[in-house]
Each structure stands twice: as structure tokens, then as C-alpha cells.
Amino acid sequence: MDMKKQKRSWGDRRDGRWVKDVPGLQTIMAHLMPNRADCEVYLHETLDITDLLTFMEAKNVGVDKDEKMTLFHCIVTMVARMIKERPLMNRFVQGGRTYERYDITLSFVCKRRFTDHAEEALMVLTAKDDDTVDSISKRIVGDVRETRKSETSTGGIDQVLDTFAKIPRFLLIPIVKIIRILDFWGKVPAALSDGDPNYTSVLLSNLGSIKCPSVYHHLNNYGTNSVMITIGTMRKEEVVMPDGTTQMRDVVDIGATLDERIGDGFYFARSLKLIKHICAHPELLDKPIGENSEFDYK
């Protein structure tokens with residue numbers, strides 16, 4: 001059932017439904033360890049993207065350079081599909097309660113210019129059931145192009161943050177404390193939470209675009225973000241194939257930091273298996289994310 005079509009009950013938030021049937025252990029953990037940063041699980045995996053790159057090359061034939069599909073676009077689509085099929089990955093804990101989001105939201109940071117002192121822009125994409133890699137790629141390309149038309153923030157959460165940064169410290173400290181209290185009760189105004197990566201399903205960092213490896217990145221106690229993914233640089237690596245032979249393959253490292261209160265290691269590992277399966281069967285990216293992949297998790 002579409003989460004957004006369900007009638008909201010007492011205790012639900014603007015951005016998520018209160019899940020009342022979570023296991024007792026998770027309920028107690030939410031109170032014993034109220035800080036998200038204290039409940040982190042870190043996973044590191046090397047993805048074989050050889051078939052995925054072949055898929056991308058076919059997609060990019062005859063496409064202008066600035067419009068081409070990238071590995072990052074494909075990984076964003078994979079993650080959106082994974083969350084759709086693995087709903088516990090779209091949960092968060094706040095105020096001692098577990099919630100499930102109404103939307104699948106993916107966020108990332110875009111450098112306005114590739115220079116040391118260039119500003120960064122915060123970007124959020126809401127995935128829809130009929131989205132495919134083509135539609136998501138076009139939206140990311142369009143959003144990044146619009147962002148890079150200006151070297152400074154032109155609105156949205158970036159401008160809100162710039163405004164807060166100008167407030168004197170003696171005023172900013174109590175204001176932030178009030179916001180943290182509102183955050184606990186799920187009452188942060190939309191003007192502050194909409195467009196903020198701390199309030200999205202997954203925050204992705206494409207470190208490969210700046211020639212950096214994937215790294216561990218902490219979760220934040222503020223907001224509702226429960227999953228952080230970093231993507232490293234592509235490289236060649238000798239891989240043992242299913243038949244026992246070895247081949248030089250294209251691979252990329254990814255790191256994922258997760259809030260263990262939303263699921264267990266078994267659930268997280270199976271979610272990662274789905275990502276690896278999509279890399280090996282990139283044709284799934286052409287299917288709407290609302291259409292189940294029929295992947296056998298055994």
C-alpha cells in the first residue's frame with residue numbers, strides 16, 4: 001500500500017508513520033542509545049561494475065557530454081530501488097520512536113566549481129514508483145546544471161543556512177537548542193527540514209568524482225537520516241569468477257554507515273546483496289523502481 005495514501009494516526013509525523021510493532025529490543029535500544037551516532041554499523045563492499053559500465057556506454061551513444069548518464073546516476077537509482085524493496089531501510093528513529101518515511105528521498109552535495117574555496121549546494125531527489133535510471137539521470141543532470149549557473153546559493157536550504165550563519169552567536173545558540181527540541185518531537189518547520197540532507201532516506205557522497213576512495217562517514221544525531229553511502233573511484237582489479245577463473249574487472253568501493261536501530265545485520269547484508277545483483281543485471285535499472293526485481297535473497 002502507498003504509505004502516503006494511508007490515513008495518518010496520532011503519533012505520526014509529517015515525514016513518517018509511527019511504527020508501533022517494532023521488536024522489543026529495538027524499542028529499548030531507541031531509549032538506551034538515543035543518539036544515532038552511537039548506533040552506527042559500517043559496511044564496506046567492492047562492487048563489480050563491468051557489466052554496468054557496458055550498459056552505460058550503450059545508453060550514452062549519441063548523447064551530449066553534459067547529458068550523459070554516469071555511474072553516480074546508476075548507483076542513486078540502485079539505492080532507490082533497494083529501499084523500495086527493503087522498506088526497513090527507509091525507517092528512522094527520533095524521540096525514542098521508530099518511523100517509516102512516506103517518501104524515498106536521496107540527497108547529495110554538489111560542488112558549484114571544482115576549486116578549493118567553491119561553495120557546495122545541497123540537493124535532494126524524491127524517487128517515484130515510475131522512475132527509471134533514465135528519468136533519475138535526467139533530473140540529476142538538470143538539477144546540477146541549474147545549481148552551477150550561480151557560484152553562490154540562490155535559494156532553498158542553502159540560503160536558509162547562510163542566513164542562520166549571520167546571526168550573532170549569543171542568539172544562535174538558543175535558537176539551535178529550540179530547533180533540536182522541535183527535532184525531537186518532529187515539529188521542525190518545513191522551511192528548515194525540506195531540502196536538508198539530514199532529513200532524507202539516504203545521503204550519498206560521490207567521492208570518486210574528486211578522485212578519492214570511499215571512506216567511513218558518520219551519521220548525524222540531528223534530523224532523521226539513517227543511511228550514509230560513500231562511493232570511491234573506479235579501478236581495475238583481478239576478480240575470481242564463478243567458474244574459478246580470474247579476470248580483470250572494473251570495480252568500485254562503496255562504504256555504508258547505517259543506524260542499527262532500524263534493522264539487523266542480516267537485513268542490511270541482504271539489502272547489499274540486492275545492490276550487487278543489480279550491478280550484475282543492469283537491465284533492472286530500465287524497470288520502474290516500483291516494479292519488484294524478483295531477486296532471490298537465498
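**Exercise 1.** In which helix does Phe 184 lie?

*Solution.* The model is a predicted one. Phe 184 belongs to helix α6, which comprises residues 169–184. Its relative accessible area is 40%. Since buried means under 20% and exposed means over 50%, with partly exposed in between, Phe 184 is therefore partly exposed. Together with Ile 181 and Trp 185, Phe 184 forms a nonpolar patch on the surface. The accessible area of these residues together is about 370 Å².

**Exercise 2.** How many aromatic pairs does a search of the whole structure find? Describe the one formed by Tyr 42 and Tyr 216.

*Solution.* The search finds seven aromatic pairs. A pair of aromatic rings is described by the distance of the centres and the angle of the planes. For Tyr 42 and Tyr 216 these are 5.7 Å centre to centre and 85° between the planes. Planes over 60 degrees apart count as edge-to-face, so the pair of Tyr 42 and Tyr 216 is edge-to-face. The pair links distant parts of the chain, 174 residues apart: Tyr 42 is in strand β2 (residues 40–48), and Tyr 216 is in the loop between β7 (202–206) and β8 (227–240). Tyr 42 is partly exposed at a relative accessible area of 34%, and Tyr 216 is partly exposed at 44%.

**Exercise 3.** Classify the pair of Phe 92 and Tyr 99: stacked or edge-to-face?

*Solution.* The centres are 5.4 Å apart, with 20° between the planes. Planes under 30 degrees apart count as stacked, so Phe 92 and Tyr 99 form a stacked pair. Both residues are buried.

**Exercise 4.** Which ring does the charged end of Arg 97 sit over?

*Solution.* The charged end of Arg 97 sits over the ring of Trp 18, 3.8 Å from its centre. Arg 86 lies over the face of Tyr 267, at 3.9 Å from the ring centre.

**Exercise 5.** What span should helix α3 have, at 1.5 Å a residue?

*Solution.* Helix α3 has 15 residues, 71–85. The expected span is 1.5 Å times one less than the number of residues, so α3 should span 21 Å. The end C-alpha atoms of α3 are 21 Å apart, which agrees. As for cover, 14 of the 15 residues of α3 are buried.

**Exercise 6.** Where is Lys 211 placed, and what is its phi?

*Solution.* Lys 211 is in the loop between β7 and β8. Most residues other than glycine have a negative phi. Lys 211, however, has a positive phi, near 60°. With a relative accessible area of 70%, Lys 211 is exposed.

Definitions and conventions
Residues numbered from 1 in each chain as written. Predicted model: local features only at pLDDT ≥ 70, side-chain atom pairs only at ≥ 80, totals over all residues. Heavy atoms only, no water. Patch = residues over 30% accessible without salt bridge, like charges linked within 9 Å, V, L, I, M, F, W, Y side chains within 5 Å. Areas by Shrake-Rupley, 256 points an atom, 1.4 Å probe, with all protein chains shown as cover. Salt bridge = Lys/Arg side-chain N within 4 Å of Asp/Glu carboxyl O. Helix = DSSP H or I, 4+ residues; strand = E, 2+ residues; numbered from the N terminus. Buried < 20%, exposed > 50% of the residue type's maximum accessible area, 1.4 Å probe, protein only. Phe/Tyr/Trp six-rings, centres within 6.5 Å; stacked < 30°, edge-to-face > 60°. Lys NZ or Arg CZ within 6 Å of the ring centre and 35° of its normal.
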